[in-house]
Amino acid sequence: MAEQQLGVLKALDVAKTQLYHFTAIVIAGMGFFTDAYDLFCVSLVTKLLGRLYYFNPLSEKPGSLPPHVAAAVNGVALCGTLAGQLFFGWLGDKLGRKKVYGITLIMMIVCSVASGLSFGNKAKGVMTTLCFFRFWLGFGIGGDYPLSATIMSEYANKKTRGAFIAAVFAMQGVGILAGGFVALAVSSIFDKKFPAPTYAVNRALSTPPQADYIWRIIVMFGALPAALTYYWRMKMPETARYTALVAKNIKQATQDMSKVLQVELEMEERAEDIVKDPRLNYGLFSKEFAKRHGLPLLGCTSTWFLLDIAFYSQNLFQKISFPLLDGSQRQQP
């Protein structure tokens, strides 16, 4: 394998755990933090959206999103995520992880803000533009998912690679918790500032017009962690594994990792011949790839698929499923 023969990649694999490893964890982890926040914060505001834009004064219950609108608001970002993973994953192999990393981050920042600034004050206009911007937000998130994990794995050494990647993925849970915290904090502030009667007491005044700002602030907050990490992401050099094995620029990879590892790495005489060896260059859909990586890839993707069925459905629809578990909102026959 080329990774076993190139000195610069050997140095990465056997490097002691250093500050740059933890810097990479924080930078890549903030990507997963932002991804989880942006994807799941919408589930915290859908009931409010229903009360604001689907209010019926003749109904005994507060307004709620129609099923097709609720499904679109909750699910459209996941459609964008799927498309973004395929597109940016491919683009990251063509242009480099660092360059595409910046593109996805900018898209996430812009679309988070745009989602909170959805146009109009009528249900159709707000829901349409919200779904439009959340699709493109998901598209950017889809690019951040594979790039964050890939960058961390390509920076890590062999000994702690699994632990570092797990630490990056664990930031998803922190992002979900942060979404709940922000929603509670913003709602509490507005509740104290603009107190309102219950729906049973006064249907029209139970949802003050200022509540329209609550969901917008919660949604737009996702742009903040992404913006804070943009500078540090752009300061990270391209990963040596990409520069050496894909771009085939051994000299640049050696220079970059000399700075990162803070050691002097020497260029190898036959390095260029190693990375151009036809036996080590095979495509994703080749027989060689299937022989070497097909079974582990199938095992990883299939188990991850089953996990995500429960993970995403539970987080997106918990406001519906959890009350039904205790029977408090179970419909009577």
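**Exercise 1. Find which residues line the largest cavity, and sort them by class.**

Start with the list: Arg97, Lys98, Tyr101, Ile151, Tyr155, Arg233, Met236, Pro237, Glu238 and Thr239 line the largest cavity. Here a cavity is a set of points on a 1 Å grid over the protein atoms alone where a 1.4 Å probe fits but cannot get out, and lining residues have an atom within 4 Å of a point.

Next, the elements: α6 and α7 are the ones that give two or more residues to this lining. The top contributor is α6, with three residues.

Now the classes: the lining has five nonpolar, one polar and four charged residues. Ala, Val, Leu, Ile, Met, Phe, Trp, Tyr, Cys and Pro count as nonpolar, Asp, Glu, Lys and Arg as charged, and the others, Gly among them, as polar.

Before going on, keep in mind that this is a predicted model, where local features need pLDDT of at least 70, side-chain atom pairs count only at pLDDT 80 or more, and totals for chains, interfaces and linings use all residues. Residues are numbered from 1 along each chain as its sequence is written, and side-chain values use heavy atoms, with hydrogens and water left out.

**Exercise 2. Work out how α6 and α7 are arranged.**

First, locate them: α6 is residues 97–116 and α7 is residues 123–155. Helices are DSSP runs (H or I, at least four residues).

Then take the axes, which come within 8 Å and cross at roughly 150 degrees. Angles over 145 degrees count as roughly antiparallel, so α6 and α7 are roughly antiparallel to each other.

Finally, look at the contact of α6 with α7: by class, 14 nonpolar, seven polar and four charged residues take part.

How values were computed. Axes are lines fitted to C-alpha atoms, for helices over the stretch in contact, and angles run from 0 to 180 degrees between N-to-C directions. Angles under 35 degrees count as roughly parallel, over 145 as roughly antiparallel, 65 to 115 as roughly perpendicular and the rest as oblique. On a 1 Å grid over the protein atoms alone, a cavity is a set of points where a 1.4 Å probe fits but cannot get out, and a pocket is an open set with protein on both sides within 12 Å along at least five of seven lines; lining residues have an atom within 4 Å of a point.
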